[in-house]
Amino acid sequence: MEPVRLGLVGIGKIARDQHLPAIAGNERFALTATASRHGRVDGVTGYDNIAEMAAACPLDAVSLCTPPDGRYQQALAAIEAGLHVMLEKPPAVTLSHVEALIEAARAANVTLFATWHSREAAGVGPARAWLADKHIEAVRIDWKEDIRRWHPGQEWILGPGGFGVFDPGINALSIATSILPHELFVESATMDVPEGRASPLAASLQMRSGSAEVRAEFDFLQTGPQTWSIEVDTDHGTLRLTQGGSVIQRPGENERTEPDLEYARLYERFAHLVAERAIDVDLRPLRLVADAFLIADRRVVEPFAF
Ligand code: NAP
């Protein structure tokens with residue numbers, strides 16, 4: 001079978017850290033071109049934008065690694081050019097845009113894959129399996145990282161549609177919606193938005209899943225140890241997912257750490273979806289973020305500079 005000719009769009013941190021190695025490691029894909037205003041990849045033909053790339057270069061699919069604001073227009077252009085599309089998280093800035101993309105992909109009979117890379121972390125599948133027949137009593141989510149360390153100079157992240165601390169926080173919500181047996185609802189929230197910025201640096205969410213209270217603390221100003229953990233109290237003890245879901249500890253067991261295969265798994269799945277011309281879009285993490293923005297008590301806090 002001929003490999004899928006892939007265009008990679010938005011050559012920034014995640015494209016270089018994760019997408020390029022995952023594509024190179026999957027023989028179902030041939031990296032054929034890139035589209036980015038400044039970023040280039042050695043040995044690969046680069047274009048300034050997706051329209052120029054699609055017009056000049058025979059492709060089957062694109063993978064979008066740009067910031068979420070603008071991704072709808074890029075994805076729509078690709079779908080209308082008959083290309084299969086893989087989206088970094090969050091899939092777009094609004095729910096309406098993602099729903100419109102689903103309709104457009106259906107009409108064009110191409111694949112649309114909204115990825116949630118944290119769901120591919122090694123502990124997530126085992127956590128879902130273990131929790132499936134347990135009574136969930138309470139859930140604590142702590143997603144606390146240093147914006148200056150992980151997102152240096154990424155001004156867009158605190159702009160409109162940048163998601164702020166929900167950029168990492170939505171990863172926790174993607175895991176929670178995947179492992180908890182009942183639907184999650186936001187009941188109340190607070191957000192700290194720095195003066196002069198549009199998106200929050202910190203947020204607290206009170207949620208419910210079945211009869212269980214689910215509390216989430218998102219913080220972008222965490223120096224020292226970085227925390228990406230979910231603890232689930234059940235009638236059979238507490239399950240812990242740490243390090244973004246890559247480490248799992250079930251009650252009475254030692255921690256288990258497996259190799260990081262998140263992006264390898266995403267491209268494997270994309271290859272399957274392309275072969276079937278299938279659509280895989282789960283809106284639940286984005287819907288929870290949208291609900292939090294609707295319901296939150298927003299507090300203006302002191303200005304922030306990178
Ligand atoms: P980034 O380093 O800022 O890279 C994004 C690239 O997109 C930029 O280098 C830029 O390249 C291009 N771009 C196009 N339009 C842009 C605009 N209006 N503003 C800024 N850049 C624009 O961001 P990233 O960390 O790779 O994140 C990109 C996406 O991946 C986000 O949705 C993020 O949530 C997701 N993600 C990031 C990480 C992570 O650890 N960083 C992990 C998982 C997922 P040109 O200037 O060449 O156009």
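Let's start at Ser 246, which sits in the loop joining β12 (237-242) to β13 (247-249). Keep in mind as we go that this is a predicted model.

Is Ser 246 buried or exposed? Its relative accessibility is 17%, and buried means under 20%, so Ser 246 counts as buried. Its side chain reaches the backbone oxygen of Gln 243 at 2.9 Å.

Now let's turn to the open spaces. The largest pocket holds about 1,400 Å³ of space. It has 45 lining residues, and those closest to its centre are Lys 13, Ile 14, His 151, Gln 154 and Asp 167. Two or more lining residues come from each of α1 (13-24), α3 (71-80), α7 (166-179) and α8 (262-276), with α1 giving the largest share, four residues. By type, the lining has 15 nonpolar, 17 polar and 13 charged residues.

Where does this pocket lie? Domain 1 (4-114) and domain 2 (118-258 + 290-301) both give residues to its lining, so the largest pocket lies between them.

The second largest pocket contains about 150 Å³ of space. Its lining includes Met 1, Glu 2, Pro 3, Arg 28, Asp 60 and His 84, while β1 (4-9) and α8 each provide at least two residues. Here the lining divides into five nonpolar, one polar and four charged residues.

Terms used:
Residues numbered from 1 in each chain as written. Predicted model: local features only at pLDDT ≥ 70, side-chain atom pairs only at ≥ 80, totals over all residues. Heavy atoms only, no water. Buried < 20%, exposed > 50% of the residue type's maximum accessible area, 1.4 Å probe, protein only. Polar contact = N/O pair within 3.5 Å; in protein donor to acceptor, adjacent residues only side chain to side chain. 1 Å grid on protein atoms, 1.4 Å probe; cavity = no way out; pocket = protein on both sides within 12 Å on 5 of 7 lines; lining within 4 Å. Points joined across faces, edges and corners; volume = space filled by probe spheres on them. Nonpolar A, V, L, I, M, F, W, Y, C, P; charged D, E, K, R; others polar. Domains from an automatic or database assignment.
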